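Let's take a walk through this structure together.

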Amino acid sequence: MPANQLGIALFGRQSEQRRLGDFVDGVRKSGGAMLVRGEAGIGKSALLLDTAGIAAARGMRILRTAGVESETHMPFAGLHQMLLPLRTEIRELPAPQRDALGAAFGLTDARVPDPFLIALAALNLLGEAAARSPVLLLVEDAHWLDRASADVLAFVARRLDSEPIVLLAAIRDGFQSPLDGAGLPELLLDRLDDTAATALLDSCSPTLTPAVRTRVLREAAGNPLALVELPIAARDRKGPLPPGWLPLTTRLEQTFTARMSGLPSTLRTVLLVAALNDSTALSEALDATALITGVTVTAEDLAPAVTARLVDVDEAAVSFRHPLMRSAIYQGASISQRHAVHAALADVLTDRPDRRLWHRAASTPRPDESIAVELETTAKSVRRRGDLLSAVAALEHAVRLSENPAHRCERLVRAAEYAAEMGRRDIVMRLLGEDEQPQLSAQQQARIVWIRESFQDGIRDDSAAAHSLADLAETMAAQGDVDLALKLLSSASLRCFWAHADERSRQRVVTVAEGLPVDDLDGRLLTVLAFAAPIERGKVVIERLRHLAAHPTGGRPAARLLGSSALMVGAFDLSEEFCAASLPALRAQGRLSLLTRDLGAQAWSAARLADLSVAIPAAEEAARLAHETSQPLMHAIAQASGAVLAALRGEQDRVESLAVAAEQVALPVGARPVLATVQLARGLAALGEGRYADAFDHLRRMHDPADPAFHLALRCFSLAELADAAAHSGQGRAVAGIIEELEAVALTTPSPSLHADLRYARAVLADEAAAEPFFDAALGADLRRWPFVRARVLLAYGEWLRRQRRTAESRAPLRTARETFDALGVIPWSERARQELRASGESSRRRSSEARDVLTAQELQIAQMAADGLTNREIGEKLYLSHRTVSSHLYRIFPKLGITSRSALSTALRV
């Protein structure tokens with residue numbers, strides 16, 4: 001073990017090592033992950049290596065990877081390094097996952113799929129390896145991992161609760177990584193205390209003079225690497241040490257640079273080549289050095305650098321002992337030296353055209369259109385394979401090397417588009433933060449507008465923005481770019497959805513959209529109409545959606561958008577149907593960002609239908625994936641939908657906790673759909689407890705244009721609850737204006753939800769003596785696909801009959817309502833029906849427990865899939881879990897349901 005690692009292990013790190021050892025022991029069977037964080041030189045990697053020794057002694061398999069600055073542009077480089085020992089096991093994976101890893105690692109020419117499919121493949125590959133012996137994953141310098149690898153490892157880290165896999169990752173203070181957002185426990189490494197620092201220094205440099213010893217202890221300030229390296233700098237230096245005014249990291253880099261100064265010039269060149277190479281291959285470093293110096297170089301020539309503890313060398317690789325050494329060598333080289341090294345590496349890598357091109361690009365100090373064209377061609381090629389990260393990196397280099405300003409602008413805009421497609425706001429903002437481009441064409445400017453809009457979600461009440469987006473879309477359409485026009489109109493319609501756009505702006509969006517030369521049944525067009533004008537164009541949207549439902553086809557653009565469109569016009573049954581149809585493809589493709597949105601629409605619609613078996617797992621999965629894919633507003637709307645479901649279940653505490661969490665995200669940005677759904681949840685919860693005045697206050701806010709919870713479309717789908725609250729709290733007159741307004745709205749749109757709610761409101765708010773025809777009308781409507789809505793009418797009708805002293809007649813509708821509510825699992829409404837039946841003189845058996853009462857949302861989803869005949873592996877592929885995690889869930893599900901076999905699931909779920 002190198003001296004600095006040995007010193008760190010022996011002095012001052014016993015408690016941290018014990019904690020890591022205990023952590024590995026504690027989660028070795030069930031899986032877990034931890035971040036080890038600290039400043040440069042604090043001993044993170046050494047601690048991980050020591051932990052690896054402990055794990056190896058316990059029979060664990062060790063898989064390692066390390067982030068390298070020069071490889072951050074190479075997608076999946078870090079993941080490939082970690083999984084390389086498992087390459088023979090890749091062929092045992094299911095075909096889609098096997099192909100995903102093959103494409104990601106460049107083993108095939110297939111299109112690189114969505115990163116989440118690659119992540120699932122990695123999880124299952126590691127799971128299969130762990131089935132033979134527990135696995136320890138070590139990630140050194142995780143802050144320098146390429147983003148694609150870091151995203152995959154974050155995905156894996158969140159799913160290790162049922163796998164015999166432990167992940168430990170070291171991250172340097174001041175750097176960010178996707179692992180930061182994985183919610184992992186952290187071990188913070190501080191500097192050594194005085195006693196441990198003194199012991200480490202004395203063990204490594206026992207012959208220091210008292211003055212130098214005191215100086216090193218003071219300036220190292222407990223940093224273990226400094227305690228080891230600064231004495232070497234002091235020993236090699238002629239004369240007194242310079243003032244210690246530089247930051248410690250800079251001083252350490254200087255000690256490495258100074259250590260290089262005494263080495264032969266050829267060896268210094270080898271080290272510079274190794275520092276700039278994106279591979280550790282020894283042969284590449286030696287061959288490139290020979291091209292630069294004209295001198296044949298062998299591995300023996302590296303011996304002085306090994307003796308100076310700068311690098312480690314074996315038969316095939318040269319690697320730096322610490323990342324600071326690499327950066328110090330890089331910083332100490334001149335620009336011309338770096339260019340020469342990259343040029344030499346490009347000449348060496350003739351059999352690796354992809355890497356060769358990167359080095360050629362880095363070797364030139366001035367624009368070079370020929371290289372820029374090659375980079376652009378590479379970007380198009382890898383883009384076709386789905387490797388967007390590499391495409392963006394290639395285009396960024398091409399931008400720098402472009403000689404033609406027009407080409408430079410186009411490459412910049414296209415790079416930003418690719419980054420937006422990945423959802424990488426950080427890259428987009430960096431690219432678009434470049435100097436202003438006066439040469440941008442009108443079309444390029446429009447594309448940049450759309451790119452920026454794609455990260456705005458249309459929040460804030462800004463009608464002018466929606467109007468200007470529509471104007472810009474019209475201009476683009478006139479120039480023949482219909483696809484861009486639809487994108488801009490989609491952004492404009494989202495502004496109408498999230499905020500409160502005025503009627504003029506909404507109409508402008510509709511006018512431009514309906515003037516485009518696209519198929520009337522195009523999902524993109526229907527979505528624009530539904531989000532921009534759910535009332536004014538409700539009839540058109542519903543008619544076309546019904547046609548598409550009756551004549552399904554997979555060939556129409558943006559079919560995945562149909563569920564959201566149906567939701568906006570209140571056709572919740574159609575919304576459920578379209579969402580269910582599009583989910584399998586999104587799952588298979590690993591498009592988790594879009595899957596999140598589809599699940600969110602499914603959860604909202606199913607909640608309004610009280611289809612809890614669909615809504616509960618959809619809301620839970622939407623919230624989980626929204627967090628994982630960094631979509632805060634989708635996370636908030638999923639939480640708000642979860643609050644609605646909790647209200648339907650009578651889980652009062654959960655209603656408020658979810659409502660508050662959603663509100664905290666939505667209020668600062670004025671996200672009206674979230675705030676409206678929160679008020680709906682609170683209103684439902686109050687209705688369930690019989691707090692009718694409170695329910696009225698909550699629900700009334702959805703209909704007040706001055707309230708942040710007002711939403712033009714969603715208010716139309718809460719009218720029955722408002723009427724119920726008003727009728728029971730003596731507020732019938734207070735809602736008369738709202739009823740009248742929505743009666744007028746109903747003349748424009750055939751929205752099933754709105755018309756059902758109006759029929760209910762007319763009945764419960766009518767004069768007692770005149771109510772029966774309204775109840776007859778409500779019960780005469782076709783509500784076969786809306787059982788909750790019908791049961792709610794039956795309950796209100798039974799209550800009215802009892803008030804009319806028609807007690808015997810009241811029992812039949814109340815009994816049917818109770819049975820429907822029981823079957824749906826809406827507990828407060830079940831209890832309300834039971835109370836009415838008791839008042840009519842009829843007792844009811846107690847409601848029996850059901851699966852929804854004892855299973856978590858994810859357990860319910862897994863149980864449903866298993867009951868449908870899916871295997872554990874198939875369930876895992878759909879839910880992005882390992883099949884062993886699914887097995888663990890089923891192990892807990894069976895006793896909860898009182899069953900012992902998979903075959904009994906269907907019966908248990910129906911109880």
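What follows starts with a sheet, moves on to a serine and the cysteines, and ends at a helix.

Keep in mind throughout that this is a predicted model. Strands of a sheet pair through backbone hydrogen bonds, and the pairing may be parallel or antiparallel.

Now zoom in on β3. On one side, β3 pairs with β2 in the parallel sense over six bridges, and T65 stands opposite V139 in β3. Five bridges join β3 (residues 135–140) to β4 (residues 165–172), and these two strands also run parallel. Here L137 stands opposite L167 in β4.

How many of the six residues of β3 are buried? The count is six of six, so the strand is mostly covered. In a regular strand the side chains alternate between the two faces of the sheet. For β3, one side carries V135, L137 and V139 and the other L136, L138 and E140, and all of these are buried.

Next, find S402, in the loop between α19 (388–401) and α20 (405–422). Is S402 buried or exposed? With a relative accessible area of 8%, S402 is buried, because that value falls under the 20% cut-off. Its side chain reaches the backbone oxygen of A398 at 2.5 Å. Beyond its neighbours within four places in sequence, S402 is in contact with P367, E369, A372, H407, R408 and R411.

If you are wondering about cysteines, a search of the whole structure finds zero disulfides. C716 is buried, with a relative accessible area of 3%. C409 also counts as buried, at 1% relative accessibility.

Our last stop is helix α42 (residues 827–839), which has 13 residues. At 1.5 Å a residue the helix should span 18 Å, and its end C-alpha atoms are 18 Å apart, so the two values agree. Its buried residues are P828, W829, S830, R832, A833, R834, E836 and L837. What do they pack against? Their partners are α32 (632–649), α34 (672–688), α35 (692–700), α36 (719–729), α40 (787–803) and α41 (807–824). Just after α42, G841 takes a positive phi of about 100°.

Note on methods
Residues numbered from 1 in each chain as written. Predicted model: local features only at pLDDT ≥ 70, side-chain atom pairs only at ≥ 80, totals over all residues. Heavy atoms only, no water. Helix = DSSP H or I, 4+ residues; strand = E, 2+ residues; numbered from the N terminus. Buried < 20%, exposed > 50% of the residue type's maximum accessible area, 1.4 Å probe, protein only. Polar contact = N/O pair within 3.5 Å; in protein donor to acceptor, adjacent residues only side chain to side chain. Contact = heavy atoms within 4.5 Å. Pairing = 2+ DSSP bridges. Disulfide = S-S within 2.5 Å. Expected span 1.5 Å × (residues − 1).
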